[in-house]
Amino acid sequence: MKIQVLRKTDAVEVLSISLEKGTIFPEHSSPREAQLLVLEGNIDFHINKSTFQLSEQQHFNFPKEEKHWVEANENSKFLIIR
């Protein structure tokens, strides 16, 4: 798992997250509303007892302070914009 802060200001934070196949990004929540954008690969995004399979160029908006976690179905890279 690799997490890189690409941009951070008072208004916006952009994170790049890379996960190897089978890796789980553990349950957590975001301090702000956020958008996830898949750059490479395929992930399962788990939130509110639902699972959303996302692949390249797909995005998902989610609310602040909502518990969620991510599992990589293949080597994947995505952005979190919040």
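Student: Why is Lys8 called exposed?

Tutor: Exposed means over 50% relative accessible area, buried under 20%, and partly exposed in between (1.4 Å probe, protein chains only). Lys8 has a relative accessible area of 60%, so Lys8 is exposed. This is a predicted model, in which local features need pLDDT of at least 70 and side-chain atom pairs count only at pLDDT 80 or more, whereas totals for chains, interfaces and linings use all residues. Residues are numbered from 1 along each chain as its sequence is written, and side-chain values use heavy atoms, with hydrogens and water left out.

Student: What makes Glu13 count as buried?

Tutor: Glu13 has 10% relative accessibility and therefore counts as buried.

Student: How do you know that Lys8 and Glu13 meet in a salt bridge?

Tutor: A salt bridge is a side-chain nitrogen of Lys or Arg within 4 Å of a carboxyl oxygen of Asp or Glu. For Lys8 and Glu13 the N to O value is 3.9 Å. The side chains of Arg82 and Glu13 also form a salt bridge, at 2.9 Å.

Student: Why does the pair of Arg82 and Glu13 tie together parts that are apart in sequence?

Tutor: Arg82 lies in the segment after β9 and Glu13 in strand β2, so the pair links parts 69 residues apart in sequence. Through shared partners, salt bridges join Lys8, Glu13 and Arg82 into one network.

Student: Why is Ser76 called buried?

Tutor: The relative accessible area of Ser76 is 4%, and Ser76 is therefore buried.

Note on methods: Helix = DSSP H or I, 4+ residues; strand = E, 2+ residues; numbered from the N terminus.
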